[in-house]
Amino acid sequence: MKILTRVEEFILLAVMQLKEKAYSLPIQKKISEISGEHWSLGTIYAPLERLERKKYLESSLSETTPERGGRHKRIYSVTKEGVRALKKTQEVHNQMWENISEPELKIKRS
Amino acid sequence: MNRNYIKPPKIAEWLLSKVFDDLRKHNTLGDFAEYYIELTDKKGKLIAWFWYWSQLIRVITGKSGNIVIWSMAMFRNYLKIALRNIFKQKIFSFINISGLAIGIACCVFIYLYIDYETSWDSYHNDTDRIYRIISSIKNATGTTIYAGVAAPLMPYLKENFPQIEYGARLWPIFDVQVKYKDRLFKEEAKNVQYADNDIFKIFKIPFIAGDYITALERPFTVVITDKTADKYFGDEDPLGKILRINDEDYEVTGITYDIPGNSILQFNILRSWGTITSRDEQMVQRWYGGFHMAIVKLEHGVDKKVFTKGITQSVVDHSRDILEQRQEEFTAILQPVTDIHLHSNGFVFDNAPHGNILYIYVLSCIGIFIFLIACFNFINLSTARSGTRACEVGIRKVAGAHRRQLLIQFISETLIIAVVSFAFASSAVIFKLSTFNNLTSIKIAYSVFLNTDFIFIILLIITFVGIIAGSYPALFLSSFKPVNVLRRSLRMGIKSGNLRKVLVIGQFVLSVVMISGAIIFDQQVNYMKGKPLGFDKEQKLIIRTQGNGVNINNYNSIKEEFLNISSVTGAAFSSSVPGEAMFQWLIWPTGQEKTNPHLLNVMSIDEDFFSVYDLKLIAGGDIDEIMENKRNSRGYILNETAVITYGWKSNEEAMNKTLMDYEPYPPVLGVFKDYHFEGLQNVIGPQAFGLRLGDRYLTLKFESGNIRETLNLVEQKYNTLFPDRVFDYYFLDDDLNSQYKGEEQIAKIFRIFTFLGIFIACLGLFGLAAFMAEQRTKEIGIRKTLGASVSNCWIIVQRIYYSGNNCKYYIMASGLFHHEELASAFCL
């Protein structure tokens with residue numbers, strides 16, 4: 001139950017990368033930039049809440065800004081559990097990729 | 001651009017804030033606000049605006065899509081179950097559906113009728129600027145409203161008041177004879193009217209041929225309708241041809257489309273008003289005493305009060321002397337054109353056919369009553385049957401249905417039944433539309449069903465039925481506790497017994513009210529028709545003889561010719577007959593011109609009039625003697641009311657008086673007993689008989705027997721005497737009875753709808769009874785095994801009714817008790 005889905009993984013990683021500036025909008029931007037695909041805000045919200053429910057993320061309200069019409073930002077940070085989940089996922093990922101060499105990745109013409 | 005001032009579209013933001021709960025609200029909305037600013041910078045305001053709104057739509061469809069999809073998933077099941085239940089219990093379904101169908105059909109008919117009656121004259125352009133000028137005259141005896149004003153008023157107003165855009169007068173005067181080539185036609189007065197040309201600019205009367213701007217400008221021109229053109233000219237082109245109306249030639253200058261039924265201006269022929277002035281007829285130049293229909297179209301933004309005062313002043317200025325003399329006060333009133341049809345009760349000299357707003361109210365009540373009865377029916381039957389659904393409800397609840405879902409299920413079952421009923425109802429309505437038209441003498445076209453208003457009303461009715469009739473059964477059914485149901489400990493029939501009683505009693509009360517109403521109405525109409533009028537209206541054949549050349553020399557021989565027919569027992573010439581308009585002259589006792597003048601209804605008669613109509617002379621001696629001596633002299637015979645009006649204390653005192661102030665002072669020759677020369681609705685006014693020959697009507701009294709044969713003989717005789725004239729006749733009793741035609745129709749409609757309402761109620765009762773009997777099948781079976789006979793079982797069935805009966809009798813008794821009050825409420 002600890003293996004994360006791709007979206008969850010990306011979100012947790014993005015949160016780690018963004019440090020204090022990790023709220024929904026920058027998360028969405030970063031993933032979009034890096035992956036090259038346009039991710040909508042809606043794709044981010046649900047997993048964010050799910051992760052928080054699973055206690056991989058914790059959040060707190062930060063200052064209000066006039067750009068947001070005077071509303072708070074919800075800043076996320078990864079919990080210990082979250083880090084553990086990430087590590088586990090990475091392990092499994094690496095093990096799955098073991099022993100697959102470059103030549104095997106070349107697509108054979110048949 | 002200062003970042004801080006860019007805000008997302010306010011409405012969309014507000015809507016979004018309603019959709020999200022508090023937890024997420026700040027987060028999401030804040031994000032959107034930020035992103036909006038970035039987007040505005042990057043791609044421009046328009047794109048950002050679109051993006052924001054698209055987010056809103058996606059959120060809403062996302063959330064509601066959830067509900068819709070789940071609901072739709074269940075609907076297939078609900079539909080299946082609903083249909084199964086309908087077919088499983090065919091009898092109840094039949095009763096339910098037919099009850100609702102009849103109820104809906106009745107409501108639809110009543111709606112159509114009311115819609116038609118309230119739509120009179122609403123199709124003209126700018127109806128809010130069109131008014132009819134009417135006169136309110138107040139004197140010592142009270143206020144009377146006359147449905148018109150003096151003829152010279154209109155041109156005077158048009159010249160002196162800029163508030164009028166267009167104004168036209170209308171005047172239907174006597175019946176006319178129309179001749180084209182060698183064919184003779186007769187047109188009734190109301191179909192041939194004098195009209196000012198402006199009428200085409202006020203009312204929407206589209207022309208097929210001819211120019212509406214100038215059609216009736218010249219004297220001796222006429223405009224006819226399409227139907228009339230066919231009647232007179234067949235396939236010929238009527239434009240420019242000459243019609244001979246009452247020995248005068250008129251040129252046809254226009255043909256209009258046939259007039260729709262819902263307008264106060266109904267005509268076959270319109271004659272130009274200029275024709276009257278070119279003949280210089282005195283009657284239309286008087287400022288007092290003429291009441292012609294006057295329609296005006298005002299300019300935009302006219303102050304009606306100011307204008308009305310102006311009209312009143314104009315009339316008063318021109319007739320000050322007479323008004324003072326008669327001690328009357330004149331006020332003008334502007335009546336909106338759309339009010340004329342329903343709100344003109346009691347107006348005098350009203351030529352426009354009108355209905356009664358009271359009927360509209362009454363019919364609406366009936367419609368509501370029938371609707372309620374049908375709904376109560378449905379509620380009763382559904383609740384009674386609910387025992388059979390109890391298991392289903394229990395299992396559904398166990399399987400996890402929310403109460404709301406069950407409610408939706410049962411209400412949609414009701415809606416399905418409502419839709420099915422509506423399907424039946426609409427086929428009934430379409431089927432019976434022509435019958436309804438005949439019944440109510442209004443013309444409803446089939447095209448009314450395509451009207452968007454109508455469709456909206458229909459949907460409203462169906463929804464109402466579904467919700468009103470369906471909500472209680474739905475609530476009741478969905479409230480079953482699975483525990484009780486599955487243990488079969490649910491006691492049916494007791495808990496719902498109270499409501500059932502209340503509803504049945506409610507139905508009964510409504511039915512009783514409707515029945516009383518219908519009975520009272522019928523009684524009123526019969527009363528009016530049967531009440532003695534003071535003269536004999538039976539067996540009278542009236543022939544219109546105006547213009548036939550009857551004079552003092554030949555009238556006796558003409559009468560003798562007709563009396564030669566064996567079945568004709570009496571003949572009399574007169575200037576008017578009961579039911580027709582009479583001349584009204586200002587008459588005063590000699591020397592009292594200023595103090596005691598009164599308008600009298602005056603009729604000229606001959607020596608046989610009294611005997612033909614069975615009138616009674618109560619002072620002055622013998623009628624035959626008077627006729628013999630005073631024939632063709634200037635005396636008057638007055639009625640009792642006239643004597644009282646002049647302030648004389650007895651009939652004998654009246655005998656010594658003379659009238660008027662010129663030689664030879666016409667004496668009062670006698671006094672006759674009052675009779676109703678106008679309808680029973682009116683109070684008897686003062687009347688006088690003059691003895692100069694009246695040549696407009698010939699009354700023939702005939703024996704009962706073969707009416708057809710008598711009529712033929714009379715017609716033959718007429719044609720020999722007057723070969724050039726149309727035989728225009730009618731029977732007096734038919735004519736007088738037709739005065740009540742409107743009331744009779746309403747009474748009939750009343751009766752039919754009341755019957756339908758009661759029929760529905762009985763259907764419901766039958767259904768209930770059948771159901772309860774079915775419930776008790778086991779009990780009856782056991783009793784029979786123990787030896788009860790059939791008659792014993794009947795007693796059980798009786799007991800079912802017994803509980804409600806006491807209350808019913810009480811209601812019925814109190815209803816009858818209040819008959820009198822109801823009667824006075826309905827009194828017309």
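**A helix pair in chain B and its surroundings**

Guide: On one side of the contact stand B:Leu100, B:Ile104, B:Cys107, B:Val108, B:Tyr111 and B:Leu112 of H4(B), and they meet B:Asp453, B:Phe454, B:Ile457, B:Ile458, B:Ile461 and B:Val465 of H13(B). Sorted by class, this contact holds eleven nonpolar residues, one charged residue and no polar ones. The model is a predicted one, and every value given here is computed from it.

Two packed helices are described by the angle between their axes and the distance between those axes. Here helix H4 of chain B covers residues 90-117 and helix H13 of chain B covers residues 452-478. Their axes come within 11 Å and cross at roughly 145 degrees. The crossing in which H4(B) passes H13(B) is right-handed.

Over the whole structure, the search finds four cavities of 30 Å³ or more. The largest cavity contains about 230 Å³ of space. Its lining comprises 20 residues, and those closest to its centre are B:Ser382, B:Arg385, B:Arg389, B:Glu413 and B:Ile417. H4 and H13 of chain B each give two or more residues to this lining, as do helix H3 (45-88), helix H11 (357-398) and helix H12 (403-440) of chain B. By class, the lining has ten nonpolar, seven polar and three charged residues.

Strand S1 of chain B (residues 130-139) and strand S2 of chain B (residues 142-146) pair in the antiparallel sense over five bridges. Two residues lie between S1(B) and S2(B) in this hairpin, and B:Ser136 has B:Ile145 of S2(B) as its bridge partner. Strand S4 (residues 176-180) and strand S5 (residues 183-187) of chain B run antiparallel and are likewise joined by five bridges. One of the bridge pairs sets B:Tyr180 against B:Arg183 in S5(B). The hairpin of S4(B) and S5(B) has two residues between its strands, and in the turn B:Lys181 has a positive phi of about 50 degrees.

Further along chain B, an open sheet of four strands has the order S15-S22-S14-S23, with antiparallel pairing. Strand S15 (568-574) and strand S23 (729-731) of chain B are the edge strands, each pairing on one side only. From one strand to the next the twist averages 20 degrees. Strand S14 of chain B (residues 540-544) is joined to S23(B) by three bridges, and B:Ile542 has B:Tyr730 of S23(B) as its bridge partner.

Two helices of chain B pack on this sheet. Helix H16 (residues 555-563) touches S14, S15 and strand S22 (697-702) of chain B, and its direction makes about 155 degrees with that of S15(B). Helix H21 (residues 707-721) touches S14, S15, S22 and S23 of chain B, and its direction makes about 25 degrees with that of S14(B).

How values were computed: Residues are numbered from 1 along each chain as its sequence is written. Chains are lettered from A and ligands numbered from 1 in the order in which they are written. This is a predicted model: local features need pLDDT of at least 70, side-chain atom pairs count only at pLDDT 80 or more; totals for chains, interfaces and linings use all residues. Side-chain values use heavy atoms; hydrogens and water are left out. Axes are lines fitted to C-alpha atoms, for helices over the stretch in contact, and angles run from 0 to 180 degrees between N-to-C directions. A crossing is left-handed if the near helix is turned anticlockwise from the far one by less than a right angle, and right-handed if clockwise. Contact means heavy atoms within 4.5 Å. Ala, Val, Leu, Ile, Met, Phe, Trp, Tyr, Cys and Pro count as nonpolar, Asp, Glu, Lys and Arg as charged, and the others, Gly among them, as polar. Two strands pair if DSSP finds at least two bridges between them. On a 1 Å grid over the protein atoms alone, a cavity is a set of points where a 1.4 Å probe fits but cannot get out, and a pocket is an open set with protein on both sides within 12 Å along at least five of seven lines; lining residues have an atom within 4 Å of a point. Grid points are joined across faces, edges and corners, and a volume is the space filled by probe spheres set on the points.
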